[in-house]
Amino acid sequence: MPDKLSSTHALTCEAESPSLKRQRRPSAGRTCKRGAPTATAEMARYRILDYSFTTAAELARAILEYTGQPFEDKRVDKDKAAELEKGTPFGTLPVLEVEGRVIAQHQSICRYLARQHGLCGKDETEAALCDLVMDGLWHMFSKVRHAEVHQLSKEERCGVIKKMMTEDAPAYLDAFEGMLKDRKDENDFIIGKEVTWSDIGLTLALAALKYRHGLNLESRPNLHNYLARMMEVPQLVEFLAKRAQEEATL
């Protein structure tokens, strides 16, 4: 995955499509290294507390990086997280700390950040459709998340992922394919004319399925073209490449 993403980034940065240039957002600062606070982290408005393995909070990080928001990213191994977990509303991670408040549950965290940074669509209907896409994605990946949280062995996780891709994913992918096919304008994104948090979430999901797990999207041309287009968004390509490199060292 890192090689594919790196080559994609190199190509798309040279020839960025006009329709995506307006999706660029100015950077407000760099994110912090995992578990290593810096001067930027001390000034950051947001702090994510999470386990060291990949969780659904990846979307929260992607939203913050897409919108150029600096944040502190504190990671801990699950067997060393007991003290942090005690201070959370439901005794588990991830949580988002902002302005002295703690927000738990990855869905709540991501929806909050999307609302804060104008990524919920132009009206209540588009906001609800964003929720529809994201709830579908979270349900599709629910068994995989369960395997990660309970730290199943690599072989067990591979089995869960394989089963998800053959039994759970097709119905959801077909639904997303249909949503893209039904767009009034082929230049629209999954919900409307601007990138929303559901576009970021869907891109992360499709990239993981394709580059990490070998999903072939040729039979779903709208999803195939959609992912290719979203991979022209520099912030998302950089985020995915960086995460792939980090996961390779875990």
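Tutor: Happy to! Let's begin with a definition: accessible areas here come from the Shrake-Rupley method with a 1.4 Å probe. With that, the chain exposes about 12700 Å², and carbon and sulfur atoms supply 51% of it. Keep in mind that this is a predicted model.

Student: Okay, and what percentage of the residues count as buried?
Tutor: Of the 250 residues of the chain, 48% count as buried.

Student: How many helices and strands does the chain have?
Tutor: There are 12 helices and 4 strands.

Student: In what order do the strands sit in the sheet?
Tutor: The order is E2-E1-E3-E4, in an open sheet with mixed pairing. E2 (71-76) and E4 are the edge strands, each pairing on one side only. From one strand to the next, the twist averages 20 degrees.

Student: Which helices pack on it?
Tutor: H4 is one of them: this helix touches E1 and E2, and its direction makes about 160 degrees with that of E2. H6 packs on the sheet too, touching E1, E3 and E4, with its direction at about 120 degrees to that of E4.

Student: Let's zoom in on E3. How does E3 pair with E1?
Tutor: Strand E1 (residues 46-51) and strand E3 (residues 95-98) pair in the antiparallel sense over 4 bridges. For instance, arginine 47 has glutamate 97 as its bridge partner in E3.

Student: And what about E3 with E4?
Tutor: That pairing is also antiparallel, over 4 bridges, with E4 covering residues 101-104. Valine 95 has alanine 104 as its bridge partner, and valine 98 stands opposite arginine 101. The hairpin of E3 and E4 has 2 residues between the strands, and glutamate 99 takes a positive phi near 50 degrees there.

Student: Back to H6. Which of its residues are buried?
Tutor: In helix H6 (residues 106-116) they are His106, Ile109, Cys110, Tyr112, Leu113 and Ala114. Their cover includes E1, H4, E3, E4, H7 and H10. After H6 comes glycine 118, whose phi is positive, near 65 degrees.

Student: You mentioned H10. Where does serine 198 lie, and is it buried or exposed?
Tutor: Serine 198 lies in helix H10 (residues 197-212). Serine 198 counts as buried because its relative accessible area is 0%, and the cut-off for buried is under 20%. Its side chain makes a polar contact with the side chain of threonine 196 (2.6 Å). Leaving aside neighbours within four places in sequence, serine 198 is in contact with Cys130, Val133, Met134, Ile190 and Ile191.

Student: How about lysine 122 and glutamate 126?
Tutor: They form a salt bridge too, with the closest N and O atoms 3.6 Å apart. Lysine 122 is exposed, at 67% relative accessibility, while glutamate 126 is buried, at 13%.

Note on methods. Residues are numbered from 1 along each chain as its sequence is written. This is a predicted model: local features need pLDDT of at least 70, side-chain atom pairs count only at pLDDT 80 or more; totals for chains, interfaces and linings use all residues. Side-chain values use heavy atoms; hydrogens and water are left out. Buried means under 20% relative accessible area, exposed over 50%, partly exposed in between (1.4 Å probe, protein chains only). A polar contact is a pair of N or O atoms within 3.5 Å; within protein, one must be able to donate a hydrogen and the other to accept it, and residues adjacent in sequence count only if both atoms are side-chain atoms. Contact means heavy atoms within 4.5 Å. Two strands pair if DSSP finds at least two bridges between them. Axes are lines fitted to C-alpha atoms, for helices over the stretch in contact, and angles run from 0 to 180 degrees between N-to-C directions. A salt bridge is a side-chain nitrogen of Lys or Arg within 4 Å of a carboxyl oxygen of Asp or Glu.
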